[in-house]
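Please examine the sequence and the structure shown below.

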Amino acid sequence: TPAYSSPDLTTCDREPIHVPGAIQPHGLLLALDADHVVVMASANCARLLGPAGQGPVDQHLRDVLGPGPDQLVARAVEADDMGTPLRTTMPPGAGGLAGSEVDLIVHRSGSRVVVEVEPVSVPVPTQTVSYRSARAAVTRLTQTSTTAELCQQLASEIRLLTDFDRVMVYRFDEEWNGEVVAEDRRDDLNPFLGLHYPATDIPAQARRLYTVNWTRLIADIHYVPVALEPVVDPGTGAPLDLSHSVLRSVSPIHIEYLSNMGVDASMSVSMVKDGLLWGLVACHHYSGPLRVPYDARSAAEFLGQTASQLIDDREKADGHVDELRASVALARLTAALAADTRPVYDALIDDPRLLSLVDAQGVALHVDGRLLTRGEVPPEADLHVIARQLGGASGRATSTHRLSSLAPELARVADVAAGALHIGNGPDRWMLWLRPEIERTVDWGGDPTNKALALAEDPNVRLSPRKSFAKWRQVVRGRSAPWTSWQVAVAESLREHLSSELLRRTHEHTAIAE
Ligand code: BLA
């Protein structure tokens with residue numbers, strides 16, 4: 001059996017999914033040395049290739065696949081052009097692939113050249129993929145006006161391309177939980193749109209792998225894995241790294257998960273921006289296996305990447321507009337302060353723009369033993385607690401949208417202060433902007449606490465996927481709207497401005513006195 005097939009002692013994050021020692025059975029895999037002699041092969045070679053595939057180890061590629069395929073692979077390796085599938089027809093012979101059209105997919109893994117042979121699927125009613133169809137799809141993506149519409153369009157394009165029963169765009173949050181933000185599905189299926197799933201459903205090493213390899217297909221979740229023989233590389237003594245393999249056998253834990261969900265075939269496409277995994281296009285088939293051809297998978301990957309880029313560009317542009325607006329508001333506020341003859345802090349607290357500047361509901365200013373406030377603020381004692389929690393040594397702007405996580409007693413005042421933004425200069429000179437709690441309803445696709453509970457009760461228990469995906473509603477309390485990075489930056493600029501304004505006034509004052 002493959003070295004890593006037993007999930008019993010594996011916890012989610014530690015399962016080495018890139019070295020399963022096995023592949024899915026709808027194709028075959030050969031690992032070659034520099035002379036194109038086979039060093040490892042999937043155990044289904046004899047079935048698919050006939051006599052030529054019997055005992056492929058130590059044979060030259062030419063004698064296993066035939067001279068035509070061998071030449072194609074040699075040319076790709078020489079030109080260092082790997083990843084582009086080489087379409088060819090297998091020569092007549094006794095095996096299961098005789099006379100059929102296949103894609104040869106070549107990549108490097110360590111010092112080995114890995115050749116995967118994937119038969120071009122039996123006709124499926126998918127669109128044919130061409131430059132023209134891809135270009136038209138990109139045009140339709142760019143014609144959408146919001147991120148939500150763009151994600152919706154992406155789901156529809158990928159469903160059209162692949163024929164999955166359900167295609168979802170799944171977006172991660174800061175804690176790696178995710179939400180289905182767009183969906184295109186067969187009419188008779190229940191919607192998953194708007195449902196949330198916990199971070200543990202897609203463990204860290206899987207997310208890492210999906211950042212470098214952008215597409216995976218599980219053509220039939222009921223498959224029996226085909227082991228690599230030998231299972232460790234005789235040259236290195238290590239298992240073959242299948243991170244970039246298209247046939248990689250997937251985690252049995254994830255298979256169990258899909259089976260609990262009633263899925264027969266699954267595919268996902270990474271959405272990456274700035275080298276970070278932002279989301280996945282997750283596809284389900286419920287009506288039997290689905291062999292999506294390599295070119296359709298590539299086109300789906302291309303559309304996923306294009307959409308990621310478009311969303312990133314748009315969100316950055318929106319952010320710039322907000323940032324610009326805030327810096328104009330700051331300039332107006334500081335000009336008004338400079339023209340005001342009252343003491344700086346009195347002029348400051350009197351200006352209604354102080355709240356709108358960072359979109360706060362309340363602000364409190366503590367200087368020289370005086371407390372000045374504007375808008376909604378909690379009692380003074382609580383303000384001091386908040387200032388102490390957020391005030392660092394540097395005095396630079398700091399913020400939180402979850403005050404109760406810093407000091408549990410602050411949960412009491414969450415209706416006015418669930419989030420705070422702090423600038424300061426020591427324990428007695430500080431300013432705090434405050435935001436109230438926003439109660440949020442989160443609909444989970446199944447109770448996300450199940451697994452955590454099982455684990456808490458017994459540290460030796462194997463984490464297993466949820467059995468139930470029934471909707472589970474959670475009300476999240478104690479959080480305000482998050483502070484954006486540019487709001488924190490605006491607060492920081494105001495802090496710098498205030499110290500120079502105070503300095504300027506001291507100089508003027510001294511000049512007048514002299
Ligand atoms: C992988 N989990 C995945 C993948 C998805 C999900 C999309 C990528 C593989 C694929 O394309 O099928 C999760 N799928 C979802 C979610 C939805 C969906 C959230 O359709 C929502 C609609 N999973 C668990 C637990 C573990 C776990 C408890 O629930 C670990 C003990 C593991 N999930 C797990 C692993 C993988 C995975 C190991 C990687 C599979 C692989 O690539 O080998």
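In this predicted model, the centres of domain 1 and domain 2, taken over C-alpha atoms, are separated by 51 Å. Domain 1 covers residues 12-314, whereas domain 2 is made up of 340-439 together with 478-513.

The space within the largest pocket amounts to about 1400 Å³. Its lining consists of 35 residues, and those closest to the centre of the pocket are Phe 172, Asp 173, Glu 174, Glu 175 and Pro 482. Several elements each supply at least two residues of this lining, among them strand 7 (166-172), strand 8 (178-185) and strand 13 (276-285). Helix 8 (294-339) and helix 13 (485-513) are also included, as are strand 19 (440-445) and strand 20 (471-476). Sorted by class, the lining of the largest pocket holds 14 nonpolar, ten polar and eleven charged residues.

The second largest pocket contains about 380 Å³ of space. It is lined by 19 residues, of which Asn 213, His 244, Val 246, Tyr 294 and Glu 301 are the closest to its centre. Two or more residues of this lining come from each of strand 5 (101-109), strand 10 (215-218) and helix 8. Helix 8 also supplies at least two residues to the lining of the largest pocket. In the second largest pocket, the lining comprises eight nonpolar, seven polar and four charged residues.

Note on methods:
Residues are numbered from 1 along each chain as its sequence is written. This is a predicted model: local features need pLDDT of at least 70, side-chain atom pairs count only at pLDDT 80 or more; totals for chains, interfaces and linings use all residues. Side-chain values use heavy atoms; hydrogens and water are left out. On a 1 Å grid over the protein atoms alone, a cavity is a set of points where a 1.4 Å probe fits but cannot get out, and a pocket is an open set with protein on both sides within 12 Å along at least five of seven lines; lining residues have an atom within 4 Å of a point. Grid points are joined across faces, edges and corners, and a volume is the space filled by probe spheres set on the points. Helices (H or I, at least four residues) and strands (E, at least two) are DSSP runs, numbered from the N terminus. Ala, Val, Leu, Ile, Met, Phe, Trp, Tyr, Cys and Pro count as nonpolar, Asp, Glu, Lys and Arg as charged, and the others, Gly among them, as polar. Domain bounds come from an automatic or database domain assignment.
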